[in-house]
Number of protein chains: 2
Amino acid sequence: MTETIPVVRHLLDANEQVAQENRDLFDRARTFVVNLMSSPGAGKTSLLQATLPRLPQDVRAGVIEGDIASRLDAERIAALGVAVVQINTGGTCHLDAPMVRGALQHLDLDRLHLLFIENVGNLICPANFALGAHLNVVLASTPEGHDKPYKYPGMFRLADAVVLNKADLIPWLDFDRETFERGLRMVNPRAPLFVVSCKTGEGLDAWLTWLLEQFTAFQNANP
Amino acid sequence: MTETIPVVRHLLDANEQVAQENRDLFDRARTFVVNLMSSPGAGKTSLLQATLPRLPQDVRAGVIEGDIASRLDAERIAALGVAVVQINTGGTCHLDAPMVRGALQHLDLDRLHLLFIENVGNLICPANFALGAHLNVVLASTPEGHDKPYKYPGMFRLADAVVLNKADLIPWLDFDRETFERGLRMVNPRAPLFVVSCKTGEGLDAWLTWLLEQFTAFQNANP
């Protein structure tokens, strides 16, 4: 089994290289790219459905949807009139940089200011595969419990921001926000935390303000 | 990258072989083994906390807890006075048969009638790694949404039973049970579905009755 180690190393190295090439493409096109990761059902598509219509009119956005199977999420995004490409991994538990590269053939990057990549629902594996995105946003949801940062530290460690969704359910859960936050800070002292409900709209303004600040900073750095 | 294929094949073959050896150990010890799989936070540990105290007094149970990191779940089980071994995978996104074999060194199989293996929270990867268990039980939870069987077919396909947890939250969710069930039946026509709330106790009797039926059938087949 020792032979597997160099092969996996090659795979990850190859992914890193394509991720860097993706990043160069994004920078040249001045497209700001956000990699959105979470457990299954935490609300990645719902966050996009809440975010996309709230963007300023002059910000053209697109979405790459990653799923093992089905076009369900892509259909939800397409219903908003937003350019969307579905990647079906056919079993693979994460998106990788070459998959994203393939999807880019179906998007006109030069026309897009902001591209969201919705990763496969998985709180573990996507953390190991860079895609070339400018931001890693990790979504958690209150029904998953306040222990998630303790149990899945790798994912929370690499987050540039954490969105805690389904805040509207807290009254019916044994969810302790302080425990969640303490766990998050153990592995990630700096990423801002946005507590939101995509259903009621609670907390979305702060998330949107922050996102647009990052977007503007990127635009100013890539004139 | 073609070289990776035979290596992965070897890995899976090696896992299958150890899984078969685990199964032989379980059969010889007359220990009935259940592999419990779900997304992060669906309630695997909560289902065990609800199940273990409801077992008949003469059924001695044990638990193997699989997590990327932390002993949180093992502590919840140990609080019930049940023999428990924690496996920390240190990043690996699933349990495999050799990890389970290692954990068995810390359990007296001959004294155990029923062994639960709580897999790492992941609705994808654990489906690819047999552990030697007699039953694969897949847990889903209502806040994850009714689309999960459509989007994660591999996991639902191999389920011998599906437990849908957090039924108590349905009034506050847009969860359509019929859509969930239709998706489940597309990939798995036969596995019984138990709709439960580990919090209120709703539906647990039917789950427990079925589990004990499987347990008794196993005991009768291994006299």
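How many salt bridges does the rule find across the interface of chain B and chain A? The legends below begin with that interface and then turn to single elements and residues of this predicted model.

**Figure 1. Salt bridges and polar contacts between chain B and chain A.** Six salt bridges are found by the rule across the interface of the two chains. In one salt bridge, the side chain of K151(A) meets that of D73(B), with 2.6 Å from N to O. Residue pairs in polar contact between chain B and chain A, both at pLDDT 80 or more, number eight. On the side of chain B that touches chain A, the elements giving two or more residues are α1 (4–29), α3 (72–78) and α5 (148–151) of chain B. Of these, α1(B) supplies the largest share, four residues.

Figure 2. The size of an interface is often expressed as the accessible area that is lost when the parts come together. Between chain B and chain A, about 3100 Å² is buried, and carbon and sulfur atoms give 65% of this area. Within chain B, the residues that lose the most area to chain A are P40(B), K151(B) and W172(B), which together account for 20% of what that side buries. The contact draws on 38 residues from chain A and 38 residues from chain B.

**Figure 3. The relation between the two copies.** Chain B is superposed on chain A by a rotation of 180° with 0.0 Å of shift along its axis, and the RMSD is 0.0 Å. This is the relation of a two-fold axis. Both copies use the same surface, since 100% of the contact residues of chain B recur in chain A.

**Figure 4. Helix α2 of chain B.** The helix α2 of chain B spans residues 44–51 and is mostly covered, with six of its eight residues buried. The buried residues in α2(B) are K44(B), T45(B), L47(B), L48(B), A50(B) and T51(B). In general, an α-helix has 3.6 residues a turn, so residues three or four places apart point the same way.

**Figure 5. S70(A), a residue with a positive phi.** The phi of S70(A) is positive, at about 85°, although this residue is not a glycine. S70(A) belongs to the loop between β2 (61–67) and α3 (72–78) of chain A. Is S70(A) buried or exposed? With a relative accessibility of 19%, S70(A) counts as buried, because the cut-off for that term is under 20%.

**Figure 6. K166(B) in a loop of chain B.** K166(B) likewise is not a glycine and has a positive phi, of about 65°. The loop that holds K166(B) runs between β6 (161–165) and α7 (177–187) of chain B. K166(B) is buried, its relative accessible area being 12%.

**Figure 7. S141(B) and its surroundings.** Strand β5 of chain B, residues 135–141, contains S141(B). This serine counts as buried, at 3% relative accessibility. The side chains of S141(B) and E144(B) are joined by a polar contact of 2.6 Å. Leaving aside residues up to four places away in sequence, S141(B) touches A42(B), L164(B), N165(B) and K166(B). K166(B), one of the residues touched by S141(B), is the loop residue with a positive phi of about 65°.

Conventions: Residues are numbered from 1 along each chain as its sequence is written. Chains are lettered from A and ligands numbered from 1 in the order in which they are written. This is a predicted model: local features need pLDDT of at least 70, side-chain atom pairs count only at pLDDT 80 or more; totals for chains, interfaces and linings use all residues. Side-chain values use heavy atoms; hydrogens and water are left out. Contact means heavy atoms within 4.5 Å. Buried area is the accessible area (1.4 Å probe) that two parts lose on being put together, summed over both. A salt bridge is a side-chain nitrogen of Lys or Arg within 4 Å of a carboxyl oxygen of Asp or Glu. A polar contact is a pair of N or O atoms within 3.5 Å; within protein, one must be able to donate a hydrogen and the other to accept it, and residues adjacent in sequence count only if both atoms are side-chain atoms. Copies are superposed by least squares on the C-alpha atoms of residues with pLDDT of at least 70 in both. Buried means under 20% relative accessible area, exposed over 50%, partly exposed in between (1.4 Å probe, protein chains only).
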